[in-house]
Amino acid sequence: MKLNPGDKVGIISPSSFLRSREAVELGLDYLRSLGLEPILGNHVYDTFRYMAGTPENRVADLHRFYADPEIKAVFCTAGGTGSQYMLPLIDYELIRRNPKPLFGFSDNTALQLGLYAKAKTVTCTGFTLKYDFKTGHIDGFVDKTLRQIIGGQKLDLGGGQTVIGGQTEGILLGGCLSLFRNLCGTPFYPDLTNAILLIEDVDEKTYKIDIMLQQLTQCPGFGKIKGIVFGEFADSQIVDPEDGSIDDIIDAFCKDFKIPVIKNFPYGHVPSRAVMPIGTPVRLNADTCRLTWL
């Protein structure tokens, strides 16, 4: 996955439209500081309803950059909502023939998992231009892990707490829980065989998180997963005391599992998070709360 100085990278807006260009411009300057040459899609600043252009136009930008051999990676400007609209329109054979990483986060999870499900494309979760420059500068941990990925290094990350101990290896898959849930029952839901799930979400009621997790258990392949990494559930809300906290939800959800599980891993809608490749093999050590790329 290593990117080299001078490499061109495509910029797309697969989700919500951009109300302001300031954070995106700062993100573009950051990519240039890494030695990369960002090339904007034709529809990056489009508006169609609440999305950054029509599904057809957003897919056109995606196709353009995957078809261009000079483009070595693709970066998403922002999350929000709407990337799932793109999935039925994508030429997955084009993507499969021209593999390159797509960097995104949040709502981009639907696009990233769809690309993996249909074309086995490796993507990177945890970074978008708008989200990471909304305060004017990038967080140090985001910057460090992104630089490691771009530099071709394999990550070795620690953090969080043990829910169920043990060690396992598998393919890291996941991202935002609500987007993962949205793909259930569609052709774009990934095969979970030998997967290690990576799960986070933001601004959700705890009882809804509980129900979304239950839906995942009822989807094909859940019984074949190898482990779970719960990130952070930022700004979660307890509506009634009986609903329980995030810790209550996770502990109850996992009480009968026989697979390694950790929680509060440094990933999610929080300022400081790891940028991580997904669709790639990792080792999870739940005893020491470490995630290592193989």
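Hi everyone, let's start with a pair of strands: β1 and strand β2, residues 37–40, run parallel and are joined by four bridges. Strands and helices here are DSSP runs numbered from the N terminus, with at least two residues (E) for a strand and at least four (H or I) for a helix. Two strands count as paired if DSSP finds at least two bridges between them.

Before going on, please keep in mind that this is a predicted model, where local features need pLDDT of at least 70, side-chain atom pairs count only at pLDDT 80 or more, and totals for chains, interfaces and linings use all residues. Residues are numbered from 1 along each chain as its sequence is written, and side-chain values use heavy atoms, with hydrogens and water left out.

Back to our pair. Ile11 sits opposite Leu40 in β2. To get from β1 to β2, the chain passes through helix α1, residues 22–33, in a right-handed β-α-β crossover. Right-handed means that, with the strands pointing away from the viewer, the path from the first strand over the helix to the second runs clockwise.

Which other strand does β1 run parallel to? That is strand β3, residues 71–76, joined to β1 by five bridges, with Lys8 opposite Ile71. Strand β1, residues 8–12, has four of its five residues buried. Buried is under 20% relative accessible area, exposed is over 50%, and partly exposed is in between, using a 1.4 Å probe and protein chains only.

Now zoom out. These strands belong to an open, mixed sheet of six, in the order β2-β1-β3-β4-β5-β12. At its edges are β2 and β12 (276–278), each pairing on one side only. From one strand to the next, the twist averages 30 degrees. Strand β5, residues 123–125, pairs with β12 in the antiparallel sense over three bridges, and there Thr123 faces Ile278. Helix α1 packs on this sheet, touching β1, β2 and β3, and its direction makes about 140 degrees with that of β2. Contact means heavy atoms within 4.5 Å; axes are lines fitted to C-alpha atoms, for helices over the stretch in contact, and angles run from 0 to 180 degrees between N-to-C directions.

On to another sheet. It is open, with eight strands and mixed pairing, in the order β6-β14-β13-β8-β9-β10-β11-β7. Because β6 (156–158) and β7 (161–164) each have a single partner strand, one side of each is left without a neighbour in the sheet. Strands β13 (281–285) and β14 (290–293) pair antiparallel over four bridges, with Leu284 and Leu291 as bridge partners.

Next, the cores. A nonpolar core is a set of buried Ala, Val, Leu, Ile, Met, Phe, Trp, Tyr and Cys residues joined through side-chain atoms within 4.5 Å. The largest has 52 residues, and Ile90, Ile228 and Phe230 touch the most other members. Helix α4, residues 108–119, gives the most to this core, with six residues. Apart from it lies another core of 45 residues, including Phe75 and Val229.

Finally, how many disulfides are there in the whole structure? The search finds zero, where a disulfide is a pair of cysteine sulfur atoms within 2.5 Å. For Cys124, the nearest cysteine sulfur belongs to Cys76, 11 Å away. Cys124 is buried, at 0% relative accessible area. Cys254 is in no disulfide either, and the sulfur of Cys289, its nearest, is 13 Å away. Cys254 also counts as buried, at 2%.
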